[in-house]
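Q: Hi! Could you walk me through this structure, starting with its pockets?

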Amino acid sequence: MTKRKKPEELRSHRWYGLNDLRSFGHRSRTAQMGYSREEYAGKPVIAILNTWSEINTCHTHFKQRVEEVKRGIWQAGGFPVELPVQTLAEPFQKPTTMLYRNFLAMEAEETLRSYPADGVVLMGGCDKTTPALLMGAISMDLPAIFLPAGPMLRGNWNGVTLGSGSDSWKYWAELRAGTITEADWQGIEGGIARSPGHCMTMGTASTMTSAAEALGFTLPGFASIPAVDSRHAQMAAKTGMRIVEMVWEDLKPSDLITAGSIDNAVTTCLALSGSTNAIVHMIALARRAGVELTLDRYDDISRRTPVLANVRPTGAYLMEDFFYAGGLPAMLAELGDLIDRSQKTVNGRTLGENLEGATIFNDEVIRRRSAPLLPNNGLAVLRGNLAPDGAVIKPGAAEPRLLVHTGRAVVFKDYNDMAARIDDEALDIDETCVIVLQHAGPVGAPGMPEWGQLPIPRKLLQKGVRDMVRISDARMSGTSYGACVLHVAPESFIGGPLALVQSGDLIELDVPRRKLNMLVPEEELARRKAAWVRPEPRFTRGYGALHQVHVLQANKGCDFDFLQRGGARTDASGEPEIH
């Protein structure tokens, strides 16, 4: 039987339970809020980190969900305290929420450290909120449970089912090509996002909430439930109930995260054909826990993992369909021996115990291992003289003819250069070329925005071209698609080889052989490297100045060097390493 804490062993006892002046102050101020001692004395204080705001459209239902969480906490004998933390609203925040992922991770950790929290409910879902909250909770290592926002309902326009993100890119290309009208475009605008919840395609949001469930941080099945389904509200209350018991049991993130549970989460992301962003986030999460997840490990798991989720952008369906087909538990059960079922989860049972009875109800949406959507390679890690520390591509989202391709580079020095010239009729480009964007990485952009699905020139769209090889040190939305090589490391802004590419160079992409090279003589590359001048820093003050000095490269998870377990390391000169 698990040893249970005593009330005097609660962390909050140091605030409320002592007979001294400071505890008097804490109790008197709690009375100021209308609570009597009987409501909190000797009970677990549960922090609820809520990323709700009026600018985060994915979390509009969190005002109600937090009340349901509180209801569960009260019922289980805890004392709930809602603590709003930074909102990361993917559609609105510029230049990118990724710039602020580490900010929220720091805020989550420090909020828990500085207040009388015995355990925490993490309320997130919109892309970067999930990894940020988990990173902070892992570092603090208090009992923690995650509440996923859930996907929104299917979009609809004139009888056509729309998927957020994916159909935005698709129909934007059609508008630029002149195949749909402005009235059509406005109709799509009004029908593509029609309920609370995050993207209902297999974007970063559903990829990361599913990863959180596979890691053991959510109640079983929660990640797949649509945001507006009444079962989502029920699970919110159950989440509040369960965190109270987790405190008494002292069940912490360090009890859940192992090399095995990390592999489970990576396998899950790959079987979903999930967002390429998951690579960066999973590496960061693992390193917070002291588990060394590398790009090579990710690629090894990818080679053996079938894609079972027939969900856009790789597949045909949406998250609402995925839930009705059996949801994440059904897919994990179908993965069989590819999942380590012995790993612990927040409900106190093993993952395998949670998967007992999980059933696929529609094997067109959730494929059988015997008939996968793709046999393997949901993601691929590339290396070569253009990306010595790695780059990534989602093969299933690209036109197959482009997976082995050599083409002439057309280089844009930054996003503004690309925006100014991409549709210029005089641009020397055809469909065989390789579009290259520089200065879009963690330091150079700044923040590594989702610019990686580089636009195809209008004159080529009008010819019927819908995919080309595109290379950058940026990320791309998990809802995006195309032959987009991303996360090139080291990035161009700090002198990575991508900075040396010039228009006219031949670029070789070979996904089956995991190769990415520029076919330029070594002596010419050495000459260019000697002539390269480091750009001026993007920031001179504030959080941005902190970010540009301490952010790690994509292959290391883009966390801050001093926030990983073990802290910052320096090179021989005493300067922080940038990897």
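Q: How much space lies in the second largest pocket?
A: About 400 Å³ of space lies in that pocket. On a 1 Å grid over the protein atoms alone, a pocket is an open set of points with protein on both sides within 12 Å along at least five of seven lines, while a cavity is a set where a 1.4 Å probe fits but cannot get out; lining residues have an atom within 4 Å of a point. Points are joined across faces, edges and corners, and the volume is the space filled by probe spheres set on them.

Q: Is this an experimental or a predicted model?
A: This is a predicted model, where local features need pLDDT of at least 70, side-chain atom pairs count only at pLDDT 80 or more, and totals for chains, interfaces and linings use all residues. Residues are numbered from 1 along each chain as its sequence is written, and side-chain values use heavy atoms, with hydrogens and water left out.

Q: Back to the second largest pocket: which residues lie nearest its centre?
A: Tyr16, Met33, Phe79, Val81 and Pro116 do, out of 21 lining residues. Strand 2 gives the most to this lining, with five residues. Strands (E, at least two residues) and helices (H or I, at least four) are DSSP runs numbered from the N terminus.

Q: What classes of residue line the second largest pocket?
A: Its lining has 15 nonpolar, three polar and three charged residues. Ala, Val, Leu, Ile, Met, Phe, Trp, Tyr, Cys and Pro count as nonpolar, Asp, Glu, Lys and Arg as charged, and the others, Gly among them, as polar.

Q: New topic! Which strand pairs with strand 2?
A: Strand 1 (residues 45-50) pairs with strand 2 (residues 79-84) in the parallel sense over six bridges; pairing takes at least two bridges found by DSSP. Leucine 49 has leucine 83 as its bridge partner in strand 2.

Q: And leucine 112, is that buried or exposed?
A: Leucine 112 is buried, with a relative accessible area of 1%. Buried means under 20%, exposed over 50% and partly exposed in between (1.4 Å probe, protein chains only). Leucine 112 lies in helix 5 (residues 98-114).

Q: What does leucine 112 touch?
A: Leaving out residues up to four places away in sequence, leucine 112 touches Arg11, Ala47, Leu49, Ala117, Val120, Met140 and Leu142. Contact means heavy atoms within 4.5 Å.

Q: Last one: how many cavities of 30 Å³ or more are there?
A: The whole structure has three, and the largest cavity has a volume of about 70 Å³.
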